[in-house]
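Hi,

Here is the structure I promised to pass on. Have a look at it first, then read my notes below.

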Amino acid sequence: MDTFFQLFERVADAHSWSDVERTLLLQCVLTGRAQLAYVALSVADSQVYSKVKTAVLKAYELVPEAYRFRFRNMRKIFEQTNVDFVRALTLQFTRWRRSENITTLDELVDL
């Protein structure tokens, strides 16, 4: 879901879609847990893209604590090269940092 939102937001930004357009188009492609999370929102909240995104990510447990857990518990598996492992580790760290809105070294130290 995290990758889906990154790609979706790139397209939305390229087309200058408003929040209402984003949520309208997004709800057309949601399935499973994501769709249930969307339906559980109030009508007002279902028109606010950031609230829809937060609800969907929460449904998939893609919240800061989940990213932190994944990052700290990553282990290199036999089939992975060191480069692949570092890439995966960096991706998890970046997701954790972004979910916590960390932009400076001081904020990272506090975290």
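One definition before the charges: Lys and Arg count as positive and Asp and Glu as negative, while His and the chain ends are not counted. Each charge is placed at NZ of Lys, CZ of Arg, CG of Asp or CD of Glu. With that, the chain has 15 positive and 14 negative charges, and their mean positions are 5 Å apart.

Keep in mind that this is a predicted model, where local features need pLDDT of at least 70, side-chain atom pairs count only at pLDDT 80 or more, and totals for chains, interfaces and linings use all residues. Residues are numbered from 1 along each chain as its sequence is written, and side-chain values use heavy atoms, with hydrogens and water left out.

Now the fold. You'll find seven helices and zero strands (DSSP runs numbered from the N terminus: H or I of at least four residues for helices, E of at least two for strands). The C-alpha trace spans about 45 × 35 × 30 Å along its principal axes.

Of the 111 residues, 26% are buried (under 20% relative accessible area, with a 1.4 Å probe and protein chains only).

Cheers

Notes: Buried < 20%, exposed > 50% of the residue type's maximum accessible area, 1.4 Å probe, protein only.
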